[in-house]
Amino acid sequence: MMFPIKILSVDDEAPMESMMKQFFRRKIRSGEYEFYFARNGVEALDVLNNTPGIEIILLDINMPEMDGLTMLSKVKEMHNPALHVIMVSAYGDLTNIRQAMNNGAFDFVMKPIDLGDLSSTIEKAIEQIDYVHESQKEHSQLVSLKEDLTTARNIQQYFLPRTFPPFPEESDHLDIYALMTPAKDIGGDFYDFFRIDEDHIALVIGDVCGKGIPAALFMAVSRTIIRSKGVVCGSAGACMTESNRLLAAYSADCMFVTVFYAIYHTKTGVVTYSNAGHNPPHVVRSDGSVEELPSSKNPMMGVFNIEYKEASLQLEPGDTLVMFTDGVTEAMNPYRTEFSTERLRTTLGGLAGKGSQQIIEEVKSAIKEFTNGAEQSDDITMLVVGRK
């Protein structure tokens, strides 16, 4: 140990102090042990209160003013897991020793004391003390990590747009709402939307492979790159191609992200999009029919340098585009059955004409009812755009 182990010997027999100092003189001189002495429990408590760091108490049971069992109860009230009490008593006092062990004593030695046995008992206590300190250190590290993750979660949520409606000037004919619920403290899903020019708004939803801090960092990079390229590239395909070129160049440990990127024309309702390996969004038509967009033929981003292709669709007044990550369709119940695309389509079929926020809330409610208390295994993210 870096610091001496502090030992408090509590015994009303005067020779005990000199005997301890003589037997353990080498460890005292080398700085391994540091002894303190008291004649009864009252003196011992005073020493404890004025000497921080005492971690072993050699405690005689039979003493005046305050006996060892009473002293042990006072020590227990300190709630210090590193403080180990070794009881000292005479042969024939097994009843009190048993009571002391039941009340939290670490071990015991008998009088007349076998100093070799006492030394072994102290060393055993030191091993346990080291274990307690290591556990406390690990606990502190976990608490610190938890605090860091909470901060990271708050920062990540700050990255995502949270003001709705996001474009008040378009609210008479455009309804946008989004939500991301991470499975862990921080997630790899993201969504975004931003104005490209007077008539065009970009819509983005993505899902980074993996979980935790690496996924969150790659998510932040992906979102930043896509947004920066989206405002300068003239098409959805060009934005994905240029963004992927940068992600592929800087991707580490085989990280990749699936992305659905769309450009919505606010006057015509035309949506041009490029799907980079993401779940095909659904379109809820005004008549209640639900259409699933074609599966992507483009690969995920961050792996290959390719040219991404794009397609288009028409949103008529009353139609809604529902974008989501696989945490929606792959949400599992206690029997490990997935919510599935079919259940999502059925849920959406009853939501024609509903607002974007209500659609998300209804899908969330359906997932919650289906999963029936099962732990969320993946981030759940949705971005819904309705043409009024």
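## Helix packing and buried residues

Leaving out neighbours within four places in sequence, Ser356 is in contact (heavy atoms within 4.5 Å) with Asp175, Ile176, Tyr177, Val384, Val385 and Gly386. This is a predicted model, in which local features need pLDDT of at least 70 and side-chain atom pairs count only at pLDDT 80 or more, while totals for chains, interfaces and linings use all residues. Residues are numbered from 1 along each chain as its sequence is written, and side-chain values use heavy atoms, with hydrogens and water left out.

Ser356 belongs to helix 11 (residues 356-371). Helices here are DSSP runs of H or I with at least four residues, numbered from the N terminus. Is Ser356 buried or exposed? Ser356 counts as buried, at 2% relative accessibility; buried means under 20% relative accessible area, exposed over 50%, and partly exposed in between, with a 1.4 Å probe and protein chains only.

Now to the helix pairs. Axes are lines fitted to C-alpha atoms, for helices over the stretch in contact, and angles run from 0 to 180 degrees between N-to-C directions.

| Helix pair | Axis distance | Angle |
|---|---|---|
| Helix 7 (residues 212-230) and helix 8 (residues 236-250) | within 9 Å | roughly 140 degrees |
| Helix 10 (residues 340-349) and helix 11 | 10 Å | about 135 degrees |

Helix 10 is therefore oblique to helix 11, and helix 7 is likewise oblique to helix 8. Angles under 35 degrees count as roughly parallel, over 145 as roughly antiparallel, 65 to 115 as roughly perpendicular, and the rest as oblique.

Helix 7 passes helix 8 in a right-handed crossing, meaning that the near helix is turned clockwise from the far one by less than a right angle. On the helix 7 side, the contact includes Phe218, Val221 and Ile225, and on the helix 8 side it includes Cys239, Met240 and Leu246. The residues of this contact comprise eight nonpolar, three polar and three charged. Ala, Val, Leu, Ile, Met, Phe, Trp, Tyr, Cys and Pro count as nonpolar, Asp, Glu, Lys and Arg as charged, and the others, Gly among them, as polar.

The crossing of helix 10 and helix 11 is right-handed. Here Arg343, Leu344, Thr347 and Leu348 of helix 10 meet Ile359, Glu362, Val363, Ala366 and Phe370 of helix 11.

Helix 7 also holds Arg223, which is buried at a relative accessible area of 12%. Setting aside residues up to four places away in sequence, Arg223 touches Phe159, Phe190, Tyr191 and Asp192.

Methods:
Helix = DSSP H or I, 4+ residues; strand = E, 2+ residues; numbered from the N terminus.
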